[in-house]
Amino acid sequence: MALAPPILQEDFAAGMFRIAPHLIPSNGAWRLQNMMLDEDGSAYARRGASYKSNVAFGATGLRMLWDGWLAGGQRTVFANAADFGVLDADDETPVNLGGSGLAGPTRPVAMDGLLFVGDAAYGGSRKAAAYSAGTIAVTQGSTAIVGTGTAWLANVDAGMVLVIGDRLHAVAAVVDNTHITLSRSFTGATATGQAYSLTPLATIPAPYNPGGTWAVVGNRLISLKGDRVAMSAEFDSTTWDPTDEWLMPEGAQLLGSAPVHDTLMVFSTAGMWALSGLDLDLTDAVGNTQQSLQRVNSDLILWGQAGIATWDDALVVPGTSGIWLVSPGQQVLLSESITPLVADYLAKGYRVGQATVFRSHYLLPVLDSGGTPVDLLVCRLDRPIEVRRFGRVFPWTNWAGAGAAVAALEVRVAAGASRQPVLLGGDRTASSRVIVYPPFQPDGPGVDEDGSEAGAPVVSEFVSRDMPAGGQMQSLNLVKRLRARYELIAPTTTAVLMAWHASEAAPNAVTWGGFVWGSARWQDEEGLGFSRLDEDAPEDPGDHPFTWPVGKRRRYFRIKLSCQDECQRFVLRAVEVTVRPSGRL
């Protein structure tokens with residue numbers, strides 16, 4: 001009997017789906033692990049991550065990572081469970097700043113040259129000890145601080161935090177032993193002979209409403225704790241008026257926030273709210289309210305503050321009902337194709353790590369209840385795809401391996417003339433290092449540094465949808481062969497492309513009348529039932545498609561392709577399955 005038209009997939013742009021495998025669209029897949037989606041619809045293997053810091057910072061893994069400009073200059077800041085740290089002037093060696101560390105991923109914010117994270121404030125100092133000898137004279141509205149009996153040149157550096165009373169100011173420069181300059185004008189009262197402390201890491205005092213989460217919007221520092229949104233004076237993070245705060249309605253407890261222009265999107269146990277007008281005072285001169293708090297979506301409950309990231313004029317927000325793109329005027333569900341996967345993670349008590357957006361890709365670490373990374377989800381935000389049954393979907397892939405074992409991700413903008421952004425990660429394993437990722441492109445080293453001498457190859461894997469070998473009538477037909485068109489280039493001759501086909505038997509047998517809802521899985525969901533095909537496809541620049549003979553009778557046919565060796569380039573262009581109809585039902 002003649003061969004049927006081949007089942008051909010030359011486009012993977014819809015990304016991975018977690019629905020019934022036979023309903024996955026023809027340009028989607030069940031799994032695209034360690035794969036990125038290119039402009040032409042092909043899928044290429046991500047490149048390997050390398051260490052940026054040269055030694056471990058503790059042994060419990062990094063919980064937080066931040067990079068940006070503070071009073072002391074550009075800094076890469078991180079925290080483990082016990083301490084805060086920063087990279088030294090060589091941009092490689094960790095400096096221990098002390099403090100109490102962080103229990104889990106937390107998103108810091110910067111204002112007035114200071115970084116606010118948890119109960120700590122940091123301005124960019126690389127000193128290891130505080131200094132408080134002598135006294136100081138301060139002048140309201142001036143950046144100049146004058147010391148008496150002080151030796152600042154040897155003991156103080158730019159970025160130290162001046163603590164005087166209940167105010168925090170960052171040091172911009174050390175002039176000499178008795179003169180320093182602040183990054184912002186002193187806001188307290190003019191005085192002489194004052195006790196003080198200059199510390200690399202300050203504990204935030206009570207007027208700042210410490211203990212919650214932080215945001216900056218409308219030139220104000222915002223503190224969220226319990227059911228209250230407190231705010232500093234405009235352009236002044238040191239001055240707090242207890243009457244300038246919002247009490248959440250209905251006893252809603254605050255879960256997190258993030259700004260969109262002059263509006264603060266506030267997430268609570270009663271949904272998502274928009275707090276607008278923060279570039280204005282709470283009331284005008286005659287007592288009229290100039291700010292407003294309105295509920296935008298009562299069903300969007302935040303999964304985790306650290307997972308919020310900014311993209312263009314909107315926020316990417318992980319919620320308990322899915323992952324959303326939100327702004328004051330819209331909410332777009334991004335995770336429709338992986339809704340069951342997100343629901344499964346929530347049911348297991350997993351939490352989100354510190355997410356970011358890099359080159360229009362949203363990267364979300366997923367951690368178990370103990371903080372160990374279990375997944376790293378990646379969504380391409382700039383290439384939504386129209387798919388039958390779903391309409392517009394945003395394509396997802398996921399990362400695995402040493403380069404995905406992170407609890408925090410951050411984008412660093414280089415200080416040089418090119419200003420090229422770089423993706424950084426906070427290693428959550430015992431290596432406890434800052435890692436750096438190469439640009440998102442098909443070519444480059446294919447090994448993640450993992451503490452071993454050789455590193456760990458990036459294992460890329462494609463698992464297809466269930467292809468209907470049996471046609472509309474679901475008869476048993478003969479799957480003759482599998483063909484793949486790909487590019488595989490490696491530094492050695494050992495890299496190969498391996499192939500598997502799925503068995504007919506489902507991993508969970510079901511007895512008629514004995515099915516229990518919620519107990520079953522889709523066939524081969526965890527990779528069960530795959531049989532490896534005998535031959536391996538060799539390196540190839542893309543000129544010679546490789547064919548595997550199969551010779552199996554199937555109703556549905558699923559394939560897996562994987563490159564598990566170090567390679568310089570792996571791009572999957574197309575897969576093709578050839579079927580010969582059996583001629584009978």
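**Rings and their surroundings**

Guide: The chain carries 45 positive and 59 negative side chains, and the centres of the two sets are 9 Å apart; here Lys and Arg count as positive and Asp and Glu as negative, with His and the chain ends not counted, and each charge is placed at NZ of Lys, CZ of Arg, CG of Asp or CD of Glu. This is a predicted model, in which local features need pLDDT of at least 70 and side-chain atom pairs count only at pLDDT 80 or more, while totals for chains, interfaces and linings use all residues. Residues are numbered from 1 along each chain as its sequence is written, and side-chain values use heavy atoms, with hydrogens and water left out.

Along the principal axes, the C-alpha atoms of the chain fill a box of roughly 100 × 55 × 40 Å. The chain contains two helices and 53 strands, where helices (H or I, at least four residues) and strands (E, at least two) are DSSP runs numbered from the N terminus. Of its 585 residues, 53% are buried, a term that means under 20% relative accessible area, with exposed meaning over 50% and partly exposed the range in between (1.4 Å probe, protein chains only). Among the contacts in the chain with a separation of 6 or more, 63% join residues 24 or more positions apart, contact meaning heavy atoms within 4.5 Å.

To the rings themselves: a pair of aromatic rings is described by the distance of the centres and the angle of the planes. Rings of Phe, Tyr and Trp (its six-membered ring) pair if their centres lie within 6.5 Å, and planes under 30 degrees apart count as stacked, over 60 as edge-to-face and the rest as tilted. By this rule there are 13 aromatic pairs. In one of them, the ring centres of Tyr362 and Trp396 are 6.5 Å apart with planes at 85 degrees, so the pair is edge-to-face. This pair links distant parts of the chain, since Tyr362 belongs to strand E37 (residues 361–367) and Trp396 to strand E41 (residues 396–399), 34 residues apart. Tyr362 is buried, with a relative accessible area of 0%, and Trp396 is likewise buried, at 0%.

The pair of Phe546 and Trp548 is also edge-to-face, because the ring centres lie 4.8 Å apart and the planes meet at 70 degrees; both residues are buried. Elsewhere, ring pairs join Phe116, Tyr208, Trp214 and Trp240 into a cluster.

Some rings also face a charge, which sits over a ring if NZ of Lys or CZ of Arg is within 6 Å of the ring centre and within 35 degrees of the ring normal. Arg558 lies over the face of Trp30, 5.3 Å from the ring centre, and the charged end of Lys560 sits over the ring of Phe530, at 4.9 Å from its centre.

Returning to Tyr362, one of the residues that it touches is Thr356, which is placed in strand E36 (residues 356–358) and counts as buried at 8% relative accessibility. Not counting residues up to four places away in sequence, the contacts of Thr356 also include Ala309, His361, Leu363 and Leu423.
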